[in-house]
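Hi there,

Here is the structure I promised to pass on to you. Please open it next to this email, and my notes follow below.

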Amino acid sequence: MFAALNLSCVRDERTLFSGLSFTIEPGEIVQIAGHNGAGKTSLLRILAGLASPDEGEVTWQGQNTRRQRELFHQQLLFLGHQPGIKSVLTAYENLAFYYDVSNGDAAQAIYQALEQVGLLGYEDVAVAQLSAGQQRRVALARLWLSDALLWILDEPLTAIDKDGVAALMALFEHHALRGGMLLLTTHQDLPGITREVRKIRLTSAELA
């Protein structure tokens with residue numbers, strides 16, 4: 001189980017949220033909603049261990065994530081606003097580096113992931129030569145290669161076309177079906193998701 005316990009976040013002397021608590025169980029999809037500036041990205045960075053809350057803690061399997069950072073990050077896939085890929089490498093090389101670290105080399109899986117995000121044929125193009133949307137899709141292709149139980153995704157549907165969104169929705173459902181946990185922010189609905197999506201809304205220093 002993944003849990004946020006009494007989290008508070010202050011930025012520029014403004015309280016974005018306080019007393020925020022929730023849990024995510026295996027098989028759950030949770031959407032964080034709220035207007036721009038409500039603290040969605042700040043919350044996701046805290047949950048992923050990239051920033052510290054002003055109060056409260058984040059736990060994984062009942063233990064503070066900062067006390068078991070390596071174990072927690074082995075079970076986490078975080079995709080933020082920045083794609084987190086190396087511009088000097090090709091699309092294929094970026095995914096091969098990620099896949100080697102987590103699972104070992106598997107060319108077929110990498111090509112299948114690129115196909116899922118509509119980048120088959122661009123595998124040997126340096127990321128620096130791709131558009132911002134294509135770079136985003138290279139980052140998203142990691143989802144098809146990931147065995148992490150917890151996915152934390154910041155606006156994963158940005159710059160994705162209708163077919164790409166449909167592929168992502170199918171992947172999200174598959175991830176939840178196999179016991180994975182998904183926490184994401186998006187300004188869009190999640191079309192085609194048949195399982196319940198629990199929505200948590202951030203509104204000026206409180207969770208509603």
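Why is α1 largely enclosed by the rest of the structure? Six of the eight residues of α1 are buried, so the rest of the structure largely encloses the helix. Buried here means under 20% relative accessible area, exposed means over 50%, and partly exposed lies in between (1.4 Å probe, protein chains only).

Before the rest, a word on conventions. This is a predicted model, in which local features need pLDDT of at least 70 and side-chain atom pairs count only at pLDDT 80 or more, while totals for chains, interfaces and linings use all residues. Residues are numbered from 1 along each chain as its sequence is written, and side-chain values use heavy atoms, with hydrogens and water left out.

Back to the helix. The buried residues of α1 are Lys40, Ser42, Leu43, Leu44, Ile46 and Leu47. Helices (H or I, at least four residues) and strands (E, at least two) are DSSP runs, numbered from the N terminus. Helix α1 spans residues 40-47 and lies across β1 (2-11), β2 and β4, at about 130 degrees to β1. Axes are lines fitted to C-alpha atoms, for helices over the stretch in contact, and the angles run from 0 to 180 degrees between N-to-C directions. Contact means heavy atoms within 4.5 Å. Just after α1 comes Gly49, with a positive phi of about 85 degrees.

Now to the sheet. An open sheet is formed by four strands in the order β2-β1-β4-β5, with antiparallel pairing. Its edges are β2 (14-24) and β5 (63-64), each with a single partner strand, so one side of each has no neighbour in the sheet. Two strands pair if DSSP finds at least two bridges between them. Strand β4 (residues 55-60) and β5 run antiparallel and are joined by two bridges; Trp60 has Gln63 in β5 as its bridge partner.

Thr59 is worth a look while you are in β4, the strand where it sits. Thr59 is buried, with a relative accessible area of 6%. Leaving aside residues up to four places away in sequence, Thr59 touches Met1, Phe2, Ala3, Leu5, Asn64 and Thr65.

The loop between β1 and β2 holds Asp12 and also Glu13. Asp12 is not a glycine, yet its phi is positive, near 55 degrees. Glu13 is not a glycine either, and has a positive phi of about 65 degrees. Asp12 is exposed at a relative accessible area of 78%, and Glu13 is exposed at 82% relative accessibility.

Five of the five residues of strand β7 (residues 150-154) are buried, so the strand is largely enclosed by the rest of the structure. Leu150, Ile152 and Asp154 point one way from β7, Trp151 and Leu153 point the other way, and all are buried. Strand β6 (residues 76-79) pairs with β7 in the parallel sense over four bridges, and Leu77 stands opposite Trp151. Strand β8 (residues 181-185) also runs parallel to β7, joined by five bridges, with Leu184 in β8 as the bridge partner of Leu153.

Finally, β7, helix α6 (residues 162-177) and β8 make up a right-handed β-α-β unit. A crossover is right-handed if, with the strands pointing away from the viewer, the path from the first strand over the helix to the second runs clockwise.
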